[in-house]
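Hello,

Here is the structure I said I would pass on. My notes follow below it.

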Amino acid sequence: MKQAAAFEALTAETLPSRLGGTEALTSRIGTDTAGWRVREVGDGNLNLVFIVEGAKGAAVVKQALPYVRLVGESWPLPLKRSFFEYHALKRQEARAGVGTVPAIYHFDEAQALIVMEYLSPHIILRKALIEGRQLPKIAEDLGRFVARTLFRGSDLSMKARERKEDVALFADNAELCDITESLVFTDPYYEAELNSHTSPQLDGIVAELRADRDLKVEAQRLKHLFASSAETLVHGDLHSGSIMVTDEETRVIDPEFAFYGPMAFDVGMLLANFWMAYFSQAGHEAGNDRAGMRAYLLEVIVDTWSVFRSEFSNLWRTERSGMLYDRRLFEDRGDALGSEQALDRVLHSIWTDMLGFAGVEIHRRILGLAHNADFEIIEDKDLRAACETRALKFGRHIAVNRERIHGLDEINVLAGRLEKGIVS
Ligand code: SR1
Ligand code: MG
């Protein structure tokens with residue numbers, strides 16, 4: 001049997017000779033490797049990303065590195081995350097539909113590389129929101145994407161054995177789960193070595209949050225849920241840097257953190273990133289009033305949740321065929337109301353947990369290792385800290401009070417009052 005070549009990181013210079021014989025790539029961009037133009041564009045925390053353009057077209061080559069790119073070789077990270085990314089993309093495409101994620105052309109497990117569709121003229125959603133662009137379709141596309149992937153990857157839909165085998169497969173993505181378990185739920189709440197924050201401006205509030213017993217208990221309850229509730233295949237890192245957009249299209253990328261976890265995690269992370277975009281607008285105004293953009297972001301939050309709820313409910317009524325909430329107990333005996341009662345219970349617990357996950361995601365992006373450009377690129381540190389402070393307070397409120405909050409109107413009013421300085 002032919003031995004797979006040992007892993008070697010690609011460079012823009014070596015890529016043409018190393019991948020020039022890969023038919024899945026040459027059939028799309030052409031065989032004349034001498035004419036290929038290769039750019040490394042990876043701006044994430046972990047991987048190499050190349051755009052390769054040839055006479056016939058373009059493609060993306062994404063390759064995992066055996067360490068965390070953001071930190072360096074001192075933090076080793078297994079190459080197998082690329083395997084999980086590939087399998088997650090395949091499942092997301094099957095569950096949410098063709099065109100919701102990039103098309104996959106080729107996967108090389110030994111080289112930890114995926115050749116995929118080059119999305120153009122798409123840009124990263126985070127960048128668009130920082131620029132003040134109001135994308136008309138994101139709420140609808142993302143609300144539907146999360147509803148479909150979360151419902152169809154759960155015991156509400158899958159065959160029990162098939163799902164258990166998949167849970168076992170993705171359980172091996174332990175190192176990436178470990179990153180989230182530490183970086184999201186624990187490190188922000190003590191003086192972890194790799195943490196940073198805008199200092200000295202935030203020193204006071206950071207000390208307060210780290211002394212906040214209710215908040216820390218809540219963060220640990222959420223970590224407990226994250227680590228033990230294998231409900232569905234989650235994307236695992238659904239922030240605004242994991243989404244590419246045009247006015248017409250929305251694509252979800254980068255599911256290397258995928259594993260079977262709680263339904264509410266992806267929704268919470270997604271809405272948290274919209275709230276962070278909201279609280280950071282003051283730092284990007286530069287003469288252009290962002291009131292319209294702020295209103296748009298709050299509307300996106302309401303609409304994303306509403307589309308999620310309505311699509312999830314629709315799937316519940318029309319596609320529920322897994323072992324949970326068996327139709328024989330409800331619809332088949334004329335008790336459609338019982339099924340609706342169960343649906344309300346499930347949606348309510350997703351709602352409550354979603355608020356908690358959103359709160360801690362906001363905190364870790366301001367207090368932990370991996371910060372968001374939304375705040376980071378605000379050069380004036382006083383202004384940045386003012387935006388971050390409002391977001392931190394908001395995050396604390398929704399995490400700690402998540403079981404007592406009834407709706408998004410109430411939370412968005414609070415966001416507005418914090419933003420206007422009516423409450424502090
Ligand atoms: C060490 S990796 C830091 C962060 O980057 C990824 O995008 C995830 O969000 C992770 O938490
Ligand atoms: Mg990523």
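Lys80 is partly exposed, with a relative accessible area of 28%. The model is a predicted one. Lys80 forms a salt bridge with Asp172, with 3.1 Å between the closest N and O atoms. This pair links distant parts of the chain, 92 residues apart: Lys80 sits in the loop between strand E5 (72-76) and helix H3 (81-96), and Asp172 in the loop between helix H6 (160-171) and helix H7 (174-185). Asp172 is also partly exposed, at 40% relative accessible area.

A search of the whole structure finds 36 salt bridges.

Arg81 and Glu256 meet through their side chains in a salt bridge, 3.4 Å from N to O. They too link distant parts of the chain, 175 residues apart, with Arg81 in helix H3 and Glu256 in the loop between strand E11 (250-252) and strand E12 (259-261). Arg81 counts as buried because its relative accessibility is 1%, below the 20% cut-off. Glu256, at 5% relative accessibility, counts as buried as well.

Arg317 and Glu340 form a salt bridge at 2.8 Å, N to O. The pair links helix H11 (residues 291-319), which holds Arg317, to helix H12 (residues 336-367), which holds Glu340; the two residues are 23 apart. Arg317 is partly exposed at 41% relative accessibility, and Glu340 is partly exposed at 25%. Elsewhere, salt bridges that share partners join Lys62, Arg81, Glu85, Asp254 and Glu256 into one network.

Which charged residue is buried yet has no salt bridge? Arg384 is, and the nearest side chain of opposite charge, Glu376, is 4.6 Å away. Arg384 is found in helix H14 (residues 381-400). Leaving aside neighbours within four places in sequence, Arg384 is in contact with Thr198, Phe375, Glu376, Ile378 and Glu379.

On the ligand: the residues surrounding ligand 1 are Asn45, Leu46, Val68, Ile179, Leu183, Asp237, His239, Phe257, Arg364, Arg365 and Ala370. Among them, Asn45 places a polar side-chain atom 2.7 Å from an oxygen atom of ligand 1. For Arg364 the corresponding distance to an oxygen atom of the ligand is 2.8 Å, and for Arg365 it is 3.2 Å. On its own, ligand 1 has 310 Å² of accessible area, of which the protein covers 95%.

Regards

Notes
Residues are numbered from 1 along each chain as its sequence is written. Chains are lettered from A and ligands numbered from 1 in the order in which they are written. This is a predicted model: local features need pLDDT of at least 70, side-chain atom pairs count only at pLDDT 80 or more; totals for chains, interfaces and linings use all residues. Side-chain values use heavy atoms; hydrogens and water are left out. Helices (H or I, at least four residues) and strands (E, at least two) are DSSP runs, numbered from the N terminus. Buried means under 20% relative accessible area, exposed over 50%, partly exposed in between (1.4 Å probe, protein chains only). Lys and Arg count as positive and Asp and Glu as negative; His and the chain ends are not counted. A salt bridge is a side-chain nitrogen of Lys or Arg within 4 Å of a carboxyl oxygen of Asp or Glu. Contact means heavy atoms within 4.5 Å. A residue is near a molecule or strand if one of its heavy atoms lies within 4 Å of it. A polar contact is a pair of N or O atoms within 3.5 Å; within protein, one must be able to donate a hydrogen and the other to accept it, and residues adjacent in sequence count only if both atoms are side-chain atoms. Accessible areas come from the Shrake-Rupley method with a 1.4 Å probe; for residues, only the protein chains shown count as cover.
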